[in-house]
Amino acid sequence: MITQQVNSTDEIRLSFDQQGRTYSEQHGNAARLLSYRLGLFEQMAGFDQTDSVLDIGCGNGHHLIGLCHLFAYGTGIDFSEEMILAAHNRSNEPNLSFQRDDATRLNTIEQNTMNVAICSGAFEHMVDHRKVLQQVYRVLKPGGRISFLTLNGEYIWYRRIAPRLGIQTRHYSTDRFFTKNELEKLLKETGFDQVSIKSWTFIPQGDMPRWTTGLLRVIDLLGKWIRVAGWRGGLQVYAKKPL
C-alpha cells in the first residue's frame, strides 16, 4: 500500500467517487466478511422492528441492505455521489433510502429522529471525528444507540510490526486509528454513556504483502484466546444517548 496524500475532505471525496462504480471488498471473501460484520451489528445494536436506522458513510449500501429486515426504516448517507448512486443501483428495498450528505453536518437528517446509527469502515477515514459524533448525537432520539466498527489504534501490526518493516498501513494521510481509551473519552465528551468497546477480527489484506495474512491470522487467534486487545485488528463500539 502507498498512503495517498490528501489535504482536504474534498480530495478524499474525489477518491471515493473514483472507486464508486468498481468498489469491492479488499480484505478477503466478500460474502463471508459481510455476513460477519452484519452479525456484529445485529448483536451490538439490538435492532427493533420499529427502529429508524442511519448508516453513516454507507458506501454502496451493502450493510443497510443486509440488515433492512430487522428494522422499520433505514437511511444511508455518504459524501460520495458515486457511492450513493451505487447504493441506489444495488437496492430495491422499500424501507431504505440513500442520500448524499456530509457526516460532519447531516443536513438531510432532522434532530431526534433516529433510533440507531451505524458505521462500518468509514470512521477512520473521516477528518473531524468530534463533529461527526456531535451530529450523530443530535439526530439520535433520547435513548438512541450508536454502533460502529473501526480499526484498533493499539493493534500490534499498526504500532510495531508494519512501521519496522517500512509497510504503510493508512489509505489516506488523514486516516486516524483510535485506541479504545481515546474512543471512550471522545464518546463521553460528546454526551454518550453506556459506552462499550470490544475487539473484532479484522485482518488487513488486498493491498498488503501476501505473507502478512497468515501472520496476522495467527496473532488474531492468539489475541482472542489470551485476551490481548492489542493483538486484535478491530474495535466494535457501542454507546447510548441518555434519555
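1. Terms come before details. A residue is buried when its relative accessible area is under 20%, exposed when that area is over 50%, and partly exposed in between (1.4 Å probe, protein chains only). By that scale R105 is partly exposed, at 47% relative accessibility.

2. The basis is as follows. This is a predicted model, in which local features need pLDDT of at least 70 and side-chain atom pairs count only at pLDDT 80 or more, while totals for chains, interfaces and linings use all residues. Residues are numbered from 1 along each chain as its sequence is written, and side-chain values use heavy atoms, with hydrogens and water left out.

3. The buried residues of α7 are L183, L186, L187 and T190. Seen down the helix axis, they fall within an arc of 95° (taken from the directions from the axis to the C-beta atoms), so they line one face of α7. The face turned away from that buried side carries the exposed residues N181 and K185.

4. What covers the buried side? The cover of the buried residues of α7 includes α5 (129-139), β5 (140-151), β6 (193-200) and β7 (234-240), with contact meaning heavy atoms within 4.5 Å. After α7 comes G191, with a positive phi near 120°.

5. Now the charges. A salt bridge is a side-chain nitrogen of Lys or Arg within 4 Å of a carboxyl oxygen of Asp or Glu. The count by this rule is nine. R130 pairs with E189, with the closest N and O atoms 3.0 Å apart. R130 lies in α5 and E189 in α7, so the pair ties together parts that are 59 residues apart in sequence. R130 is partly exposed at 38%, and E189 is partly exposed at 42%. A network of salt bridges links R130, K185 and E189.

6. Two other pairs deserve a look. D102 bridges to R105, with 2.9 Å between the closest N and O atoms. D102 is buried, at 14% relative accessibility. R232 and D220 meet at 2.7 Å, N to O. R232 sits in the loop between α8 and β7 and D220 in helix α8, so this pair ties together parts that are 12 residues apart in sequence. Both R232 and D220 are buried.

7. Last, helix α8 (residues 211-226) contains I226. I226 is partly exposed, at 42% relative accessible area. Together with V218, L222 and W225, I226 forms a nonpolar surface patch of about 430 Å² accessible area.

Conventions: Patches are made of residues with over 30% relative accessible area and no salt bridge: like charges are joined within 9 Å, nonpolar side chains (Val, Leu, Ile, Met, Phe, Trp, Tyr) within 5 Å. Accessible areas come from the Shrake-Rupley method with a 1.4 Å probe; for residues, only the protein chains shown count as cover. Helices (H or I, at least four residues) and strands (E, at least two) are DSSP runs, numbered from the N terminus.
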